[in-house]
Amino acid sequence: MRILRKGFLDVLSCSLQLVNVGGRDIGRSITPFASCGPLTFISGILEACYTTSSLAPTSFGQEPNQTNREFLVSHNLEEEVYAQHIRRVILKVKNGTIEDVVQSLKGDGFCCEIQLTANLVDGLLQKFGDDWKSALGFYEWASSHEGYKHTQFGHDRMVDLLGKMRQMDRMWDLVHKMHSGGFVTLHTIAKVMRRLAGSRRWRDVVKVFDELEYMGFVKDTEAMNLLLDTFCKEKKVEVAHVAFFELKNHISPNAHTFNIFVHGWCNANRIDEALWTFQEMKDLGFKPSVITYSTIIQAYCNQFNVGKAYELLDKMVADGCLPNIVTYTILMNSLAKARKFDEALSIFEKVKSAGCMPDTLFYNSLINILGRADRLPEAFHIFEKEMKMNGVNCSISTYNTMISISCHHKQWQSALNVLEKMKSSSFKPDLQTYRPLLKLCFSEGELDVRIHSLLNDMADKYHLSFDLDTYTTLIHGLCSVGDIGWATLLFDEMIDREILPRRQTCKMLLQEVEQRNMYDYVEKIRMLTKQL
């Protein structure tokens with residue numbers, strides 16, 4: 001192997017200089033800030049061996065998201081009026097170009113007079129969902145609006161959305177502009193890396209790291225951890241390990257480095273390797289934390305090996321590392337997955353006896369499990385009384401979980417009551433709030449008043465742009481009740497907004513239009529399916 005000294009990762013370069021894999025073009029490589037050297041060995045391996053995985057829509061019965069989600073911005077009354085007007089102006093050109101959105105906003109007298117605030121702009125940027133065209137048009141208009149400068153959140157939100165929707169050229173254009181203005185942070189870099197990895201652009205992930213110094217960053221432990229975390233979260237732990245082997249002589253690891261690998265091995269369902277990393281961590285003088293133990297406990301739970309999870313829990317306590325509420329939440333969710341609801345709910349008693357204070361995420365999981373165990377009244381007791389008594393605040397996920405379990409039990413009025421309570425709180429409904437309500441409408445055939453009321457709320461009152469999951473819910477629901485006309489309109493709107501449907505959606509709609517001899521539409525779906 002020839003060693004090139006341009007950057008630490010160049011040591012991974014290979015004389016093969018891969019151009020394609022199996023006769024398939026592996027795509028154009030975008031160089032972010034400077035011309036890069038030859039393709040690296042690490043990225044060649046990744047491109048050759050990568051296999052895609054499908055993502056199913058979120059449904060009742062899954063645990064509430066335990067990851068840190070970006071904050072949700074609430075508008076005051078004046079900002080709500082402005083936001084509603086801006087959304088109406090954008091909706092007039094919803095199937096147009098980005099420039100159409102910009103010009104529509106510039107040409108509206110009222111919009112020109114609005115005093116933009118960070119709260120107003122960031123809140124709207126969040127509510128565009130996967131509608132990147134409207135979001136980018138609004139972002140560019142706000143950038144040119146007199147007296148307004150985007151926040152770091154606004155910049156990063158736009159970078160992340162463009163990356164998510166595979167608009168890589170536009171994402172890089174924005175990153176270049178941010179860089180010239182001094183707005184690129186390591187948080188921005190982390191988003192870029194994750195979106196590139198999600199698009200299988202492994203060479204570009206490596207190049208971003210190798211060119212960090214051109215962007216004004218130091219290749220230190222934090223930067224290395226970003227690279228390793230990106231690979232590990234995409235289940236490419238072996239590749240992360242190769243990179244680490246080459247980098248560790250120049251960059252010192254820390255405890256977080258090993259936690260990244262423990263999580264990566266566990267996420268790849270390779271617990272033995274996680275345990276070896278755990279031991280290596282201790283051998284190098286890093287003390288495993290509650291995060292380290294809890295991650296491996298989670299992996300055992302994912303294998304339904306609760307016995308091993310309890311063994312590690314005992315070892316954890318013996319080593320002087322007390323479990324926290326996250327550890328107990330993991331165990332409770334695992335038992336619920338195995339439909340051991342009574343045992344799962346008994347974890348609550350263990351929490352109390354351990355003197356561990358439940359938090360919002362624990363209560364969200366507890367409410368969800370009570371709903372799955374057909375104990376809806378107890379879930380409402382937790383939601384309405386116990387959380388408040390213990391000084392634990394509800395989150396938007398708490399309200400969404402209550403609505404979801406109410407809809408699962410076809411308790412329409414209960415779901416609406418929670419929705420009204422949510423509207424009067426500091427939290428406002430999001431797309432996840434409405435999806436179970438929409439599904440319930442379809443299951444009961446309520447396509448007149450109920451569904452139109454919900455859709456009007458989503459679009460006009462809360463300015464929510466449909467994302468992939470919402471379009472999927474609506475199109476599948478409409479197909480199930482035979483309203484193919486409306487389903488095709490939504491499908492067309494989805495395509496116009498460059499939100500690519502899932503294969504299952506195409507397959508379902510194709511069957512319906514074939515039965516109705518809609519030959520032009522049959523061909524349209526078949527052509528689109530070839531692009532997926």
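Analyst: The model is predicted. Two packed helices are described by the angle between their axes and the distance between the axes. Take helix 2, residues 77-91, and helix 3, residues 98-106: their axes come within 9 Å and cross at roughly 130 degrees. An angle over 145 degrees would count as roughly antiparallel, and 65 to 115 as roughly perpendicular; helix 2 and helix 3 are therefore oblique to each other. Their crossing is right-handed. On the side of helix 2, the contact is made by Ile 86, Val 89 and Ile 90. Helix 3 contributes Val 101, Ser 104 and Leu 105. Sorted by class, the residues of this contact are 5 nonpolar and 1 polar, with no charged residue.

The other pair is helix 18, residues 341-353, and helix 19, residues 360-372. These pack at an angle of about 150 degrees, with their axes 10 Å apart. Since the cut-off for roughly antiparallel is over 145 degrees, helix 18 is roughly antiparallel to helix 19. The crossing of helix 18 and helix 19 is left-handed. From helix 18, the contact involves Phe 341, Ala 344, Leu 345, Ile 347, Phe 348 and Val 351. From helix 19 come Phe 362, Tyr 363, Leu 366, Ile 369, Leu 370 and Arg 372. The classes here are 11 nonpolar, no polar and 1 charged.

Technical notes
Residues numbered from 1 in each chain as written. Predicted model: local features only at pLDDT ≥ 70, side-chain atom pairs only at ≥ 80, totals over all residues. Heavy atoms only, no water. Axes fitted to C-alpha atoms, helices over the stretch in contact; angles between N-to-C directions. Helix = DSSP H or I, 4+ residues; strand = E, 2+ residues; numbered from the N terminus. Parallel < 35°, antiparallel > 145°, perpendicular 65-115°, else oblique. Left-handed = near helix turned anticlockwise from the far one by under 90°. Contact = heavy atoms within 4.5 Å. Nonpolar A, V, L, I, M, F, W, Y, C, P; charged D, E, K, R; others polar.
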